[in-house]
Amino acid sequence: MSQTRRFDLIVIGAGPAGSAAALVAAQGGLSVALVDRAAFPRDKLCGGGISGRAQGHLDRVFGALPGGLLHPVSQIRLRHRGADLGVQICDPPFHTTMRRAFDAVLAGRALGAGAADHTGQRVRGIDPDAAAITLTCGTQLEAPLLIGADGVNSIVARRLWGRAHDPARIAFALEVEAPAPPGPEVLEIDLGAAHWGYGWSFPKAGGLTLGVGGLAARNPALGASMADYLARAGAPDGLRIRGHHLPFGDFPAIAGEGRVLLAGDAAGLVDPITGEGIGWAVHSGALAGAAAVRALAEDAPGAALRHYMAGLAPVHAELRRARMLRRLIYARPLQGRFARAIARNAAIQRRYVQLLQGERDYADLGAGSVLRLLRRLVLPALDPLGPRR
Ligand SMILES: Cc1cc2nc3c(=O)[nH]c(=O)nc-3n(C[C@H](O)[C@H](O)[C@H](O)COP(=O)(O)OP(=O)(O)OC[C@H]3O[C@@H](n4cnc5c(N)ncnc54)[C@H](O)[C@@H]3O)c2cc1C
């Protein structure tokens with residue numbers, strides 16, 4: 001016989017976004033059901049790069065994480081199709097993590113705060129109007145509010161709008177886990193390894209994650225790009241290559257509808273230049289959880305989406321800035337110029353690494369920096385005599 005359980009809030013997806021939402025809502029006094037089709041620990045295809053910005057959100061929402069969960073790396077090397085563009089020392093260090101362990105800790109914190117554990121359970125049906133879901137075991141969960149934090153292929157977004165993202169506007173990425181090479185650990189970014197994207201080599205505790213990713217529509221031969229990248233990196237043969245979409249700057253203007261809020265990848269909150277999504281997932285999840293607490297305290301569940309969008313506005317503004325700037329970095333005729341500018345100009349190189357590290361926001365770049373970059377990249381392309389050497 002089917003059973004119905006009532007909560008203040010249902011959160012679908014217990015990744016960084018869903019765990020943050022459930023934790024904040026439970027701490028705010030709501031009864032929360034945290035649902036995930038996976039039982040934790042589970043794998044998630046990801047470079048596991050944790051920027052300074054992401055660490056700030058993690059500290060604020062989850063508090064101190066267990067020692068060893070984040071692995072420090074203090075050098076970043078930039079490349080273009082293998083050619084060395086320069087090395088930057090990271091102070092503070094950049095961090096990497098294994099998502100299997102990392103996500104299990106975050107979900108554990110949400111459950112520890114009192115969220116009811118519905119992980120390892122699949123969703124059979126969603127009724128967005130009633131904010132009710134049915135699990136495959138037949139149990140029905142009902143609540144005044146529902147948060148969809150179920151990743152790039154979000155069934156919640158699909159239930160609202162027919163599809164989660166426009167496939168032509170998001171990215172696809174391929175990754176392998178490889179043994180760590182001997183020598184000092186250096187995190188590498190290869191700006192020429194994919195179109196409208198890049199290749200990465202992230203040292204982690206006990207291994208290395210190598211990958212390439214870029215806008216799916218611009219990379220019909222991503223498999224060949226990956227093979228080239230692995231060969232240049234000297235990776236051993238036979239590594240298992242896996243692929244996954246990431247919503248590279250394609251986000252709906254309103255992150256939800258009615259009594260449904262979307263957070264993290266489900267809301268398209270991934271940096272369109274760096275591909276970073278963990279920090280925005282934690283931040284947006286926490287904002288969605290706080291919006292639910294406030295709306296239910298006001299006895300106005302219908303106001304949750306408005307409260308959430310007010311908090312999300314600066315994130316959307318930052319992603320829009322990045323989406324404009326990425327034309328200068330990734331557009332075909334300019335991409336090689338950007339790489340050369342990075343190799344020749346220490347200030348541009350430092351700024352790019354600071355963006356990657358999350359030590360600087362796009363808003364901090366200022367109009368002056370963008371204009372200087374524009375002059376350096378675009379004006380030579382318009383010069384009939386060609387670029388100056
Ligand atoms: C190859 C690759 C490399 C990346 N590298 C980085 C990086 O180095 N740094 C970085 O910051 N970001 C990186 N990202 C992006 C990052 O992985 C995401 O932005 C981040 O995981 C988003 O968190 P989330 O909680 O929104 O979604 P997810 O982490 O995807 O979590 C969604 C959860 O929802 C669950 N779920 C899905 N469907 C259902 C369903 N039907 N029913 C119930 N549960 C469901 C899933 O099991 C999962 O646990 C990378 C992405 C890719 C693909």
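Which residue has a backbone N or O atom that lies 3.0 Å from an oxygen atom of the ligand?

Mentor: That residue is I278. Keep in mind that this is a predicted model. I278 brings a backbone N or O atom to 3.0 Å from a ligand oxygen. A polar backbone atom of A17 is 2.9 Å from an oxygen atom of the ligand. At R37, a polar backbone atom is 3.1 Å from a nitrogen atom of the ligand. The ligand has 1000 Å² of accessible area on its own, and the protein covers 94% of that.

Now step back to the whole shell. The ligand is surrounded by 36 residues. D36, G47, G49, R99 and D265 are the closest. Sort the shell by class: 16 residues are nonpolar, 11 are polar and 9 are charged.

Next, trace the shell back to the fold. Two helices each supply at least two of its residues: helix 1 (16–27) and helix 6 (278–297). Strand 16 gives the largest share, 3 residues.

Then look at the domains. The assignment for the chain gives domain 1 (4–66 + 98–164 + 249–320), domain 2 (71–95 + 168–246) and domain 3 (332–382). Domain 1 and domain 2 both give residues to the shell, so the ligand lies between them. The C-alpha centres of these two domains are 28 Å apart. Across the boundary, 17 residues of domain 1 are in contact with 17 residues of domain 2. The size of an interface is often given as the accessible area lost when the parts come together. Between domain 1 and domain 2, the buried area is about 1500 Å². Carbon and sulfur atoms give 59% of it.

Finish with the backbone. Most peptide bonds are trans, and most residues other than glycine have a negative phi. Here are some exceptions. F40 and P41 are joined by a cis peptide bond, with omega about 5 degrees. P41 sits in the loop between strand 3 (32–36) and strand 4 (49–50). The bond from D91 to P92 is also cis, with omega near 10 degrees. P92 belongs to strand 6 (residues 83–96). R81 is not a glycine, yet its phi is positive, about 45 degrees. Find R81 in the loop between strand 5 (71–80) and strand 6. W196 is not a glycine either, and its phi is positive at about 50 degrees. W196 is in the loop between strand 13 (187–190) and strand 14.

Definitions and conventions
Residues are numbered from 1 along each chain as its sequence is written. This is a predicted model: local features need pLDDT of at least 70, side-chain atom pairs count only at pLDDT 80 or more; totals for chains, interfaces and linings use all residues. Side-chain values use heavy atoms; hydrogens and water are left out. A residue is near a molecule or strand if one of its heavy atoms lies within 4 Å of it. A polar contact is a pair of N or O atoms within 3.5 Å; within protein, one must be able to donate a hydrogen and the other to accept it, and residues adjacent in sequence count only if both atoms are side-chain atoms. Accessible areas come from the Shrake-Rupley method with a 1.4 Å probe; for residues, only the protein chains shown count as cover. Helices (H or I, at least four residues) and strands (E, at least two) are DSSP runs, numbered from the N terminus. Ala, Val, Leu, Ile, Met, Phe, Trp, Tyr, Cys and Pro count as nonpolar, Asp, Glu, Lys and Arg as charged, and the others, Gly among them, as polar. Domain bounds come from an automatic or database domain assignment. Contact means heavy atoms within 4.5 Å. Buried area is the accessible area (1.4 Å probe) that two parts lose on being put together, summed over both.
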